[in-house]
Each structure stands twice: as C-alpha cells, then as structure tokens.
Number of protein chains: 4
Amino acid sequence: MTVKTLGVIMNGVTGRMGMNQHLIRSIVAIRAQGGVPLPNGDVAIPDPILIGRNENKLRALAEQYDIDRVSTDLGEALENPNDSIYFDATLTNLRAANVKRAIASGKHVYCEKPLAISTDEAMELYRLAQAAGVKHGVVQDKLFLPGIRKLRRLVDSGFFGRILSVRGEFGYWVFEGDWGNQPAQRPSWNYRADDGGGMISDMFAHWRYVLDHTFGDVTAVQCMGATHVHERVDESGRTYKATADDAAYGTFEIRRGEDRIIAQFNSSWAVRVNRDELLELHVDGTHGSAVAGLRGCKIQHRVNTPKAVWNPDIPNPLDFHADWQEVPDNATFDNAFKIQWEKFLSHVAADTPFIHDFHEGAKGVQLSELGMQSWRERRWLDVPTLPRG
Amino acid sequence: MTVKTLGVIMNGVTGRMGMNQHLIRSIVAIRAQGGVPLPNGDVAIPDPILIGRNENKLRALAEQYDIDRVSTDLGEALENPNDSIYFDATLTNLRAANVKRAIASGKHVYCEKPLAISTDEAMELYRLAQAAGVKHGVVQDKLFLPGIRKLRRLVDSGFFGRILSVRGEFGYWVFEGDWGNQPAQRPSWNYRADDGGGMISDMFAHWRYVLDHTFGDVTAVQCMGATHVHERVDESGRTYKATADDAAYGTFEIRRGEDRIIAQFNSSWAVRVNRDELLELHVDGTHGSAVAGLRGCKIQHRVNTPKAVWNPDIPNPLDFHADWQEVPDNATFDNAFKIQWEKFLSHVAADTPFIHDFHEGAKGVQLSELGMQSWRERRWLDVPTLPRG
Amino acid sequence: MTVKTLGVIMNGVTGRMGMNQHLIRSIVAIRAQGGVPLPNGDVAIPDPILIGRNENKLRALAEQYDIDRVSTDLGEALENPNDSIYFDATLTNLRAANVKRAIASGKHVYCEKPLAISTDEAMELYRLAQAAGVKHGVVQDKLFLPGIRKLRRLVDSGFFGRILSVRGEFGYWVFEGDWGNQPAQRPSWNYRADDGGGMISDMFAHWRYVLDHTFGDVTAVQCMGATHVHERVDESGRTYKATADDAAYGTFEIRRGEDRIIAQFNSSWAVRVNRDELLELHVDGTHGSAVAGLRGCKIQHRVNTPKAVWNPDIPNPLDFHADWQEVPDNATFDNAFKIQWEKFLSHVAADTPFIHDFHEGAKGVQLSELGMQSWRERRWLDVPTLPRG
Amino acid sequence: MTVKTLGVIMNGVTGRMGMNQHLIRSIVAIRAQGGVPLPNGDVAIPDPILIGRNENKLRALAEQYDIDRVSTDLGEALENPNDSIYFDATLTNLRAANVKRAIASGKHVYCEKPLAISTDEAMELYRLAQAAGVKHGVVQDKLFLPGIRKLRRLVDSGFFGRILSVRGEFGYWVFEGDWGNQPAQRPSWNYRADDGGGMISDMFAHWRYVLDHTFGDVTAVQCMGATHVHERVDESGRTYKATADDAAYGTFEIRRGEDRIIAQFNSSWAVRVNRDELLELHVDGTHGSAVAGLRGCKIQHRVNTPKAVWNPDIPNPLDFHADWQEVPDNATFDNAFKIQWEKFLSHVAADTPFIHDFHEGAKGVQLSELGMQSWRERRWLDVPTLPRG
C-alpha cells in the first residue's frame with residue numbers, strides 16, 4: 001500500500017462554511033481516518049495549506065486542527081509544485097479571478113458554489129480548465145444528504161412508476177434581529193443584493209443539480225421572487241434595508257426520457273415551518289409517492305393510498321400522516337461535504353470518475369440567472385443546453 | 001310573527017352535489033328547523049319544487065324528503081308567480097340558457113358555480129339580472145367552511161401583522177378505476193375537456209373568492225396545468241382518454257391595501273396527501289403564521305417560532321409540528337351551503353345584504369379563463385377589474 | 001488584544017449563595033472561559049481574593065477552585081490598590097458598614113440584595129458611592145432567568161396588546177424539620193425576625209425589579225403577611241419559635257405609560273406547589289396571555305382562547321392546559337448571576353452601561369419596607385419616587 | 001304515604017338562570033322524580049305557577065314542560081292561598097319590593113342572590129320575614145357543587161391539620177364581541193355599572209357563604225377592583241362602554257376557632273385560564289393541601305410533599321403536578337340548585353332545618369358592599385356581625 005500525499009491549497013476556510021464543512025468535517029476528518037482508499041489499494045492523504053488574510057486567525061485554526069502550513073500569500077502558495085489542488089471558498093465575486101490563477105498554475109481546482117457570478121464567467125472557467133487539462137469540481141453537497149440519497153434510491157428502483165410531479169419546500173424563519181434579543185441566525189449579507197445575497201442566486205444552483213441528477217434535465221423555469229421582510233438588524237446591531245429576495249416561488253419543467261415532470265418549489269426565509277424538515281421534496285408517481293427531507297424519506301405506495309372523499313360536514317375521518325412509511329437507512333451516511341471531497345481526491349489521485357465538474361457548476365449559475373430574468377420578464381424561459389467541450 | 005313562504009324552483013338536484021348539499025342539507029334542513037329568522041322577527045320558509053328530466057327519480061326524492069311538488073317542465077314552473085326563486089345546479093354548459101329564462105320570468109336567481117363557461121357569458125347574466133331588478137347569487141361555499149372562517153377570524157383580528165405569502169395545497173389521489181377494484185371517487189366528466197372538466201375551470205373559481213374575501217383582490221395570475229394520469233376508467237367500466245387538466249400549478253398576486261401578497265397553489269387529483277386535510281392554506285405574516293384546512297386551523301405566533309439552524313449532520317433536533325396550536329371552534333359551524341342559502345333567502349325576503357352575486361360569479365369564471373390562457377402563453381397575466389353596473 | 005486583570009475582594013462567599021452562585025458559577029466560571037470580552041476586543045479577567053472569618057474554610061475553598069489569595073482581614077485587603085472591586089455577600093445587617101469602608105477606600109462595589117436594612121440606609125450608600133465616583137451595583141438575578149427573559153421578549157414584541165394584570169405565585173413547602181427525618185431545606189435565620197428573616201424583606205426586593213423592568217414602575221402596594229408555621233427545628237436540631245413572616249399576600253399597582261396594571265402576588269414557604277415551577281407569573285393582556293416560570297414560558301394568543309362557559313352540571317369539556325404553547329429558547333441561557341457579573345466587570349473595565357445600581361437596590365429595600373408598613377397599617381401605600389443624584 | 005302539593009309562585013323564570021337551573025333542572029326535575037321525600041315518609045311535590053311579563057313566552061315554556069299555570073299578574077297570584085311559596089329570580093333591583101309583597105301575603109320566600117341591593121335592605125327583608133313568621137331562603141348553589149362538597153369533606157375529616165391559607169381563582173375570558181365573529185358568552189348588563197353589573201357585587205356574595213360554611217367566619221376584607229376591558233359589543237352588535245368592574249383582587253381574613261386563615265382571591269372575566277377548572281380553591285394546612293374545583297378535588301398529604309429546592313440553573317427536576325391525588329366521588333352529585341330546592345321544600349313541608357336563610361343572604365350582600373368600599377378607601381375593612389333576631 002502506497003500513501004500518496006496530495007497538497008491542497010485551501011483558500012477561504014476561516015468563514016463559517018469553509019471552516020466547518022470543508023476544513024474540519026472533510027479534510028481534517030479524512031486525515032484522521034487515515035486518508036481516502038483508492039481502487040488499487042493505495043491511499044491518498046490531503047496535506048492542506050490554509051490561505052487567508054488574517055494570519056493570527058489562520059495560525060489559531062491550524063494549531064487547533066494540527067495543520068502545519070498557513071499563508072497569506074496565495075501567489076506564493078500556487079508556486080509550490082507539491083500542492084496539486086486548489087480549493088476556493090472565498091466570496092463569490094472573488095472566485096473567478098482566484099480560480100483562473102490556479103488553473104494558470106496548473107492546479108486541479110475544486111470550488112464552493114456558485115462557481116461564478118454569471119453563466120458566461122462560469123463557462124469561461126470550464127473552458128479554461130478543460131484547455132489546461134486540469135481536473136475541476138464544484139460542491140454539490142445536497143446530492144449526498146441522506147434523505148436525497150434515499151430518494152435517488154427510490155427513483156433508481158422504479159418505485160414511482162412514471163414520475164408526475166415534485167413539490168419542493170425549503171426554508172424557515174430567519175429572525176429579523178430587532179426584537180426579543182434574538183439575533184438573525186444567518187449572515188446579513190444574504191439579505192443585501194449588492195453583497196451578492198438573495199434566495200434565487202443561493203438556492204437555484206442547488207435545485208438545478210438536485211433535479212438534474214435525481215429526476216432529469218431541467219428544461220424550463222418560471223420564477224417570482226419577493227423581499228418579504230423589508231428591514232433587518234445586522235451583526236453589529238445596526239438596522240439595514242433588506243434589498244435581496246428572501247423568498248422565491250418557482251416552477252420547473254423537467255424532461256425524463258419521454259416524460260415531462262412539473263416541479264413547483266417555494267424557498268423562503270420568511271416562512272414558519274410546518275413540515276418534518278427544513279427541506280422537503282414531495283414526489284408523486286403513478287405507482288407511489290415519497291417525501292424526502294435532509295435525512296428522512298417516507299413513502300406511500302399506491303396500494304397504501306387512502307380513498308379520500310371531500311366532505312367538509314364532518315371532521316376528516318382519515319389520518320393522512322399514518323399512511324406514510326419511513327424508508328430505512330440501511331447504510332451509514334457520512335458528512336455530505338466529506339463524501340464529495342473523497343470523490344474529488346480519488347479523482348485527482350486515481351482518475352476515478354467525477355461528475356460534479358465546472359460544466360455542472362455553470363448549469364447551477366445558469367438556473368439562478370434565468371430565475372432572475374423570469375421574475376423580471378414575468379414569463380417562462382427555456383433553459384438552453386450549455387455546450388460541452 | 002309572520003311566516004313568509006318562498007317558492008323555490010330547484011333545477012338539477014338529482015345530481016350528487018345538488019341533492020346532498022343544496023336539497024337535503026340546505027333546503028330540507030332549513031324547513032326542519034322552522035325556516036330562516038328575519039331581522040324583524042318574521043320567518044321565511046322555502047317551499048321547493050324539484051325540476052329534472054326523470055320524473056320517477058324526482059318523485060322518489062320528493063317523497064323521501066316530504067316535498068310536495070316536482071315537475072319535468074321548467075317553462076311551466078317558471079310561470080308560477082308564487083315561486084319567486086330559481087336555483088340552478090345543472091351542467092355548466094346548460095346554465096346560462098336556464099338562468100336567462102328565469103330572469104326573463106322575473107325570478108330571483110341562485111346558482112352553482114361556475115356561473116357560466118366564459119367571463120363574457122357570466123357578465124351578460126350579471127347585466128341581465130341587474131337590468132331586470134332581480135336578486136342574484138352564486139355559491140361560494142368554501143367561505144363558510146369552519147377552517148376558512150377561523151382563518152378569516154385571524155385576518156380580522158390582526159394576528160398576522162403584515163401578511164406576506166400564502167401556500168395553497170389542494171387535492172388527493174382520484175383512483176384511475178383500472179386496478180384493485182377501486183373505482184374512481186369522482187365523476188368521469190371531470191377528466192374530459194369536452195365535457196367541461198378540468199382542475200383550472202373547477203377550482204380557480206373557488207380560489208378567486210377565497211383569496212379575494214380573505215386577503216385582498218387577486219391582481220395577476222400564472223398557471224401551468226398538467227394531465228398527469230392519461231387514461232382512466234369511467235362509471236360504466238369503459239377506459240377513456242383523460243383530456244382535461246388534472247393538476248394546476250399556479251401563482252397569484254394579491255393586493256392588500258399597500259401590500260402585495262404572493263400565493264402559490266398546487267391543486268391536483270394525482271397527489272398522495274401529506275397534510276392534515278384535503279385543502280390547506282399556509283399563511284405567513286410578520287407577526288404569525290397559520291395553516292387552515294376545511295375544519296381545523298392552527299397557528300404559530302412569532303414568539304413561538306423556533307430558531308431553526310441548517311445542520312444536516314445531525315437528525316433535526318426540533319419537532320416543528322409541536323410549535324403549532326389549534327384555534328378553538330368557539331362557535332357551532334353549520335353546513336357551509338346551508339349558511340349561504342339562509343343568507344340568500346333572507347336577502348330575497350328581507351333585503352338583507354348579500355355579497356355573493358353574479359359579479360362575484362363572473363370574477364370566478366375570469367380567473368379560470370386567465371389561468372388557462374396563462375398556461376397556453378407561458379406568462380403572467382394581469383387580472384382586469386370587471387365593471388360594476 | 002489586551003488582557004485586563006480586575007482584582008475582586010469577595011466577602012462572604014463561604015455561605016451557600018455566595019459560594020455557589022457568585023464564586024463557583026460566576027467568578028470561577030468566567031476565569032475558566034478566559035474572561036469577559038470587552039467592546040474594543042480586549043478581555044477582562046477577575047482575580048479574586050476571598051475574605052472571611054474562618055481561614056481554614058477559605059483556604060480549602062481557594063485550593064479547590066485554584067484561587068491564590070485569601071484573607072481574614074478586610075481592612076488590609078481594602079488597602080491593596082490592585083483590587084479595584086469589592087463584593088459583599090455578608091449578612092444584611094453587616095453590609096452597610098462593609099460597603100462604606102469599601103467606598104471610602106475607592107473601590108467599585110457590587111452587593112447581594114437587600115442592599116441595606118432600610119431605605120434610608122440604602123439611599124445613603126447610593127449617595128456615598130455617587131459622591132466618591134465609584135461604580136456600584138446590586139444583584140438582580142431574577143431578571144436573567146430564562147423564563148423572565150422570555151417574558152420580557154413577549155413584552156417587547158408587543159405580544160400582549162394592552163397588559164391588564166399579573167398574577168404572581170412563589171414558594172414551596174419548607175419542611176419544619178420536626179418529623180420524618182426531613183430537615184428544613186432553607187437556613188433557620190430566614191424564619192427569625194431578629195436575624196433579618198421574613199418573606200417580605202427577602203422577596204419584595206425581587207418583585208420590585210422584576211416588575212419595574214418587565215412591565216413598568218410599581219406605584220402602590222398593599223400587603224398582608226403571615227407566620228403560618230409557628231415552630232421549626234434548626235440546623236442543630238433545636239426547636240425554635242418562628243417569628244418572621246413566612247408568607248406574604250400582596251397587591252401592587254404598576255404604571256405602564258397611560259395604563260395601570262394590577263399585580264397580585266402570593267409568596268409562601270408554607271404552600272404545596274400546584275404549578276409547573278416554583279415561581280410563576282401569569283400575565284393577561286388584551287391580545288394574549290403568558291405564564292412564565294424560572295425557565296419555561298408558555299403563551300396563549302387571543303385567537304387560541306377557548307370560549308369557556310360556566311356549567312357545573314357536566315364535567316368540564318375543555319382541557320385548558322392544552323391551549324398553551326411553550327415559547328422556544330432560541331438562545332443559550334447562561335447562569336443568571338454570571339451574566340450580571342459579566343455586565344458589572346465590563347462596566348468597571350470598559351464603562352459599558354449597567355442599570356442595576358445602588359439606586360435600584362434602594363428601590364428594592366423600599367418596597368419591602370412599605371410592604372411591612374402596609375401590613376401593620378392595613379392599607380394601601382403609595383410608593384414615592386426615590387431621588388436620583 | 002301522603003303527597004303534599006306545594007304551590008310555588010315562580011317569578012322571573014324566563015331568564016337564563018331562572019329557566020335552566022330553577023325551573024327545568026330543579027322544579028321540573030323534582031316533579032319528574034315524584035317529589036321530595038320527607039322524614040315521615042310523605043312526599044312533597046311542587047306545583048308551579050310561572051309569573052312574567054310576556055304571556056306568550058310563559059305559555060310556550062309551560063307547555064314545553066307540562067306546567068298548567070301561568071300569569072302576568074303577580075298580585076293576583078299572591079292572593080291564591082294554595083300557593084304557599086314565592087320564588088324570586090327577577091332583576092336584583094326589583095327583588096326587595098316583590099319579596100315584601102310576598103311576605104305581606106304570608107308566603108314563604110325563596111330567592112336568587114344577591115338578596116337585595118344593600119345590606120340594610122337585605123336585613124329589612126330578613127326582619128320582615130322573621131316578624132311574619134314565614135320561612136325564607138336564598139340560593140347558595142356553590143356549596144352544593146361536587147368539588148366544594150369534597151373540600152368540605154376534607155375539612156370535616158381533619159385532613160388539613162391546622163388550615164393556613166386559601167388561594168381562590170375564578171374566571172375566564174369573556175369575549176369582547178368585536179372580532180372573529182365570537183359574541184360575548186355572558187349578557188352585556190354584567191359589564192355596565194348602572195345595570196347592576198360588576199364582579200364584586202356578583203361574586204363576593206358567593207365567596208362569603210363558601211368561605212363561611214367551609215372554613216369559618218369572614219372577619220375582614222380588602223379589595224381592589226378593575227375594569228380591564230374598556231369597550232365591549234352587546235347582544236345587538238352595538239359597542240358600549242364597560243363601566244362595571246370585570247375583575248376583583250381581594251384578600252379575606254377568616255376566623256376558625258382560635259386560628260386565623262388568609263384567603264387571597266382573584267376573580268376575573270379578563271383572564272385566560274391556566275387551571276383545571278373555572279373556579280379553583282387551593283387550601284394549605286399543616287398536614288395537607290387540596291385544590292378543589294367545580295367538580296374535582298385533588299389532595300397532597302404532607303407525607304407526599306416533595307422537597308423542592310430553588311435551582312434555576314437546571315430544568316426543574318420535579319413534576320409538581322404528579323404529587324397530587326384525585327379525591328374519589330364516592331357519591332352521585334345531583335344538580336346544585338335542585339339539592340337546595342329539595343332542602344327548602346322539605347323545610348316548608350316538614351320543618352326540617354335550612355341554614356340558607358335571609359340572614360345568610362344579607363351577609364353575602366354585606367361582603368360585596370364592603371368590598372366596594374375597601375376599593376374606594378384603599379384599606380382593609382372589618383366585617384361586622386349582623387344581628388340575629
């Protein structure tokens with residue numbers, strides 16, 4: 001057994017997501033478990049160098065997690081030939097420039113989503129990476145959530161018969177911050193358009209790959225956004241005007257072979273949750289239905305379907321919730337980010353397949369962009385196929 | 001105390017809805033309770049004559065419910081000056097002609113919905129009735145469902161603060177009829193476009209008055225229809241092609257004073273129910289939220305709102321269902337159709353106010369019509385104000 | 001980042017409250033967490049010296065909690081210029097003299113309640129501290145209980161509409177000590193008037209700040225005390241005559257803007273608990289009600305209010321408990337004493353605001369004093385405003 | 001066995017209480033069961049004549065309950081020597097005049113409470129009845145509620161040891177009538193001072209006999225009233241100003257042999273119920289405690305008393321509700337009003353003892369009167385003993 005060390009330049013891991021999901025629960029956890037096993041029996045171990053602006057913060061983080069290398073100089077880091085991978089979790093509007101430098105330095109590149117601020121920019125990164133012959137990937141964590149994996153299990157098994165429709169509900173109440181000593185539980189930039197905030201740009205990139213990889217290609221989109229809460233209080237206690245959309249009411253058309261599926265989604269940070277989980281996908285098919293969440297997934301086969309009759313003169317005699325049955329785990333579900341990191345490290349080290357590439361990243365950006373355009377133009381828009389190459 | 005007898009010509013009460021809701025649970029029940037009390041202390045009692053094509057059916061029905069008069073000749077019935085009210089629950093495409101004859105005979109007219117097959121036709125009936133000086137009304141039963149009345153109670157009490165959005169879910173699985181010895185629980189004409197079937201034409205008329213009278217005027221609509229189940233088996237066991245839309249995915253804009261509310265609705269006869277009731281309206285406001293069904297209505301005030309945090313690495317620690325509290329009845333809720341009948345009878349006998357007139361009926365037809373057009377043209381459509389007069 | 005060390009002279013921390021709440025759960029815990037963060041990014045760390053009469057006890061305590069300094073000589077300790085804060089948790093009748101010495105030595109002073117044995121004495125301490133320019137504070141721990149903080153959240157959010165009334169219930173059965181091998185769970189001095197015991201002098205100081213800071217100024221008081229249990233057994237097994245009031249039945253008037261709130265409280269150590277918690281405040285307002293305890297807080301909005309009807313002929317058909325809904329934590333609630341210590345240390349180190357000063361302490365003493373007077377004179381007494389200065 | 005027929009002139013039984021409790025559930029029920037058994041084996045059967053202003057109403061009522069006699073002329077009725085009992089459930093301000101006429105006609109008199117509008121007037125009726133040698137009684141229904149009878153059972157058994165204190169809570173939310181289509185569940189006159197409304201005048205008469213006959217003589221009273229809800233909507237939909245007290249916060253001193261008991265009561269029609277029943281009396285004694293409602297009564301003996309310790313740092317580890325144990329019925333409890341009617345009829349027919357006489361009625365009026373005075377004068381008032389004679 002050979003141990004291959006993969007140097008990974010990690011940029012932007014002092015932020016919440018970068019630190020928790022990518023550094024601690026992925027890279028540090030992979031090192032703790034002794035690396036990623038490769039098909040030939042070898043093992044790949046990531047050796048990170050943390051890049052950021054605040055050296056004290058970087059050093060404190062590195063020390064806590066037993067990491068040797070930190071730097072505030074990305075350019076210098078990119079010159080080290082032992083570091084073959086560049087990872088980017090910086091702010092969206094800085095990403096394209098960083099990624100281009102990394103590609104120019106011959107690094108394989110892995111990124112947080114959204115890949116870029118426009119479809120054109122994302123496609124440019126895709127073409128540059130392809131031309132440079134480096135490997136490239138973008139985070140699509142929700143595909144690896146236990147609930148979504150169980151849903152995929154149902155689709156693959158033919159459980160649904162012909163799939164008819166998907167209802168998606170996402171969101172919860174993000175506190176305004178101005179009462180009851182309850183600060184907002186998400187960063188304030190998410191609610192300011194100028195800072196890149198907004199539900200559509202954040203979540204439509206997710207819905208694209210979840211739908212594409214679970215049901216079929218998204219071929220058309222209609223979207224109405226809203227800024228429900230007009231004023232919020234930020235991290236320092238200052239009131240600010242919320243300018244980004246905090247809710248999106250969308251409909252998608254999906255092509256699955258000869259069939260067309262309709263998916264209606266609402267996504268909101270101004271909704272009080274009346275569901276089992278923060279995200280739920282309700283799927284109906286001719287032979288059965290399912291409701292998948294982050295972790296759970298329950299089904300109702302058509303032979304379990306109650307014969308409901310409309311009669312408001314009496315209290316509803318049926319307990320509709322009792323007709324659903326939980327799908328068992330039958331597996332241990334690891335952290336979603338870590339699973340994808342393992343796939344990417346194996347892809348780099350042993351050339352195993354990896355479908356979550358920059359072309360996929362561009363498709364996510366595209367759906368956000370078309371969602372915004374649909375809102376402005378108040379009409380359905382077709383989703384053009386992005387060229388491979 | 002004077003007892004006023006109101007002769008009512010009831011046309012089309014051998015059908016399911018007409019018989020159960022209008023004849024038995026409304027007119028017969030009103031007679032059994034001794035009539036409708038009027039503001040001046042008098043009482044109005046309806047004296048029905050049943051009109052239909054099948055005299056045997058009519059006679060059997062009349063005998064069972066202690067009704068003296070039946071006829072197969074509408075023209076003759078309309079000539080009786082003692083019968084001042086004409087009620088129509090015939091097929092939609094027959095309604096306009098019947099109603100015009102009744103108006104021409106000077107009858108007050110009360111109808112099932114939809115009032116007509118097009119907005120133009122509905123508006124023509126409205127203008128004719130106005131010109132003739134007769135009273136007119138259309139069924140808007142869902143306004144009188146216990147759950148919707150409680151929801152209205154919440155709106156009136158200011159519970160919601162500023163209302164942000166409404167999520168509507170309606171429907172259940174209507175069996176295909178071709179397996180498991182489980183015939184469809186709704187008449188087959190509902191699934192044939194040529195017979196006037198279809199979700200949009202059936203339910204958008206309801207959503208119009210529910211939204212208008214609970215939240216504010218519907219000002220724009222977007223809709224995507226679908227025929228999810230392609231083939232069904234009818235009452236006589238014959239397979240037929242389903243040509244009407246059996247599901248509708250709509251979005252509505254509502255104007256409430258200065259505020260705009262977004263309402264996203266899905267309505268489907270091809271959905272397996274994952275809710276408490278067959279119809280649910282989830283309303284979010286700045287100060288609280290509610291989920292109203294046919295009979296129940298539960299609320300969550302903002303002080304009860306849990307601080308949800310996205311963390312798919314652990315099972316959801318919050319039981320979101322536990323944060324909702326049922327709104328008590330605090331009243332006895334009578335049959336929805338009967339309540340509206342009592343209002344119409346009192347309107348005729350004592351000129352008490354009645355807001356559910358033909359103009360309202362035309363607005364219902366209008367929303368269905370615009371919903372179909374939006375589907376064809378794949379875009380949002382404004383809802384023009386229909387003229388009063 | 002600078003670390004500021006604040007020397008704290010802690011007098012009277014060998015007693016139960018002083019040791020558990022002030023030393024262990026506050027000062028020791030603050031040291032363990034690395035101090036109190038200040039607004040400018042610095043950190044303040046308390047460095048205690050323990051003062052008492054019994055050097056052995058002091059040394060044992062210091063060793064257990066890793067504290068370097070103890071002394072039996074308060075005068076010497078007050079001469080150390082590095083110790084800028086004096087804390088007093090000695091017996092009430094010793095407090096004023098200690099505090100005066102500390103003020104004369106230029107120390108900032110923080111005290112347990114009651115601040116003094118009379119309003120005059122408390123006001124004298126207030127004026128001395130102001131004149132000396134030292135900072136001063138008095139414990140008002142119940143304001144920081146989770147249940148009371150949630151209640152304040154409700155008040156701030158406008159949940160109640162106009163607040164009408166408060167019902168307060170406090171207490172539990174303090175065992176007499178003379179049967180069942182069940183010694184009393186509170187020190188015997190609490191039940192002897194000469195030793196400063198008594199419900200009114202103990203708890204009215206608490207009710208004052210809880211009411212003042214949650215609802216509005218207490219403007220009048222009526223009180224009836226009682227000594228329900230006449231004889232008790234002390235720590236050494238000796239029977240003694242209980243001379244202090246062990247229960248108080250009071251009513252308070254509160255001014256909240258233009259509105260008047262009535263608060264009726266019973267406080268008793270001779271009551272068997274029929275509540276969720278040892279302290280409960282039931283608040284009724286036009287739009288909603290709440291019942292707050294030490295940790296929990298449940299609400300009933302007016303839209304959830306059942307329509308109760310008096311009918312003793314049948315068992316009560318309503319489950320009144322089911323109409324209440326728990327307010328979620330939505331925050332981590334630290335120890336109440338520690339929170340206030342952090343505020344006082346930050347007040348000393350960085351001049352951040354601190355509202356719990358000696359003037360507040362005097363107001364607490366005042367309400368106890370007026371409560372006793374009202375009992376003697378069997379009449380309502382107005383609560384005069386104490387001068388600021 | 002002889003059957004004695006007792007003619008009863010019933011005045012004011014078209015009102016809610018008079019009709020339901022006195023006519024239907026008492027007199028009609030006693031007739032249906034074949035009368036009241038007397039000590040000597042005879043039976044007394046009441047033969048009512050209904051007196052009122054609206055003859056139609058009286059006739060309808062009489063017919064429905066199989067009663068032969070009605071009249072609109074009280075004077076004529078009083079002349080009939082066969083009717084030996086006069087019962088009065090008219091408005092309070094009409095009662096004294098009616099009762100005087102009845103006494104002058106030599107009738108035994110039984111009355112609803114309050115007996116009169118002032119203590120002087122009530123005492124005058126008492127002296128007149130005594131002088132005339134007629135029997136007299138006043139309704140004290142709450143003594144016959146199952147819960148209060150069980151409480152009395154506990155007192156008589158010595159369960160409590162020495163009784164220390166009573167906490168009384170009465171009331172519920174009476175809807176304002178102006179929102180949510182929820183009319184008030186009590187008549188509007190109760191909230192207008194000029195019409196004799198008010199909590200103190202209504203309920204203190206009840207508290208007097210409940211306390212007197214369960215614990216001991218009420219010797220002093222302190223009371224603060226309030227009109228919490230300022231505006232209400234009456235039976236005809238008109239908004240009116242609420243001028244009567246809708247809540248009373250009182251304290252009573254009770255003498256029980258050598259012991260003094262303190263009773264603190266709140267009574268409110270503006271409270272949301274957080275109890276098991278609409279009325280609850282919590283009694284603490286040295287040996288045990290009880291909580292009695294309208295029907296239930298639960299106890300906690302001192303050997304079941306948990307040792308509560310104040311520790312807000314952890315969730316309360318005790319379930320205080322679990323330490324209470326329900327007192328079994330061990331009897332069938334008949335309607336409270338009917339029981340008292342049976343006692344009065346037996347008192348008239350067979351001279352059995354009857355303690356609920358006009359002197360008792362005067363004591364009830366007295367406590368209401370002193371409660372109002374205490375509120376005005378903001379002080380405790382002694383309750384003078386009313387002379388017997």
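Across the interface of domain 1 and domain 2 of chain A, 11 residue pairs are found in polar contact, both partners at pLDDT 80 or more. Keep in mind that this is a predicted model. Helix H8 of chain A, residues 336–350, is the main contributor on the domain 1 side that touches domain 2, giving 5 residues. That side of domain 1 divides into 5 nonpolar, 4 polar and 5 charged residues.

Charge pairing shows up here too: 3 salt bridges are found across the interface of domain 1 and domain 2 of chain A. Lys113(A) forms a salt bridge with Asp202(A), with 3.0 Å between the closest N and O atoms.

## Layout and buried area

Both domains of chain A are built from two segments: 3–141 + 336–355 for domain 1, and 142–334 + 368–374 for domain 2. Their C-alpha centres lie 29 Å apart. To the contact, domain 1 of chain A brings 14 residues and domain 2 of chain A brings 13.

About 1,300 Å² is buried between the two domains of chain A, and carbon and sulfur atoms give 54% of that area. On the domain 1 side, the most area is lost by Lys113(A), Gln140(A) and Asp141(A), together 43% of what that side buries.

## How the two chains are related

Now for the pair of chains. The same surface serves both copies, with 99% of the contact residues of chain A recurring in chain B.

Methods
Residues are numbered from 1 along each chain as its sequence is written. Chains are lettered from A and ligands numbered from 1 in the order in which they are written. This is a predicted model: local features need pLDDT of at least 70, side-chain atom pairs count only at pLDDT 80 or more; totals for chains, interfaces and linings use all residues. Side-chain values use heavy atoms; hydrogens and water are left out. Contact means heavy atoms within 4.5 Å. Domain bounds come from an automatic or database domain assignment. Buried area is the accessible area (1.4 Å probe) that two parts lose on being put together, summed over both. A salt bridge is a side-chain nitrogen of Lys or Arg within 4 Å of a carboxyl oxygen of Asp or Glu. A polar contact is a pair of N or O atoms within 3.5 Å; within protein, one must be able to donate a hydrogen and the other to accept it, and residues adjacent in sequence count only if both atoms are side-chain atoms. Helices (H or I, at least four residues) and strands (E, at least two) are DSSP runs, numbered from the N terminus. Ala, Val, Leu, Ile, Met, Phe, Trp, Tyr, Cys and Pro count as nonpolar, Asp, Glu, Lys and Arg as charged, and the others, Gly among them, as polar.
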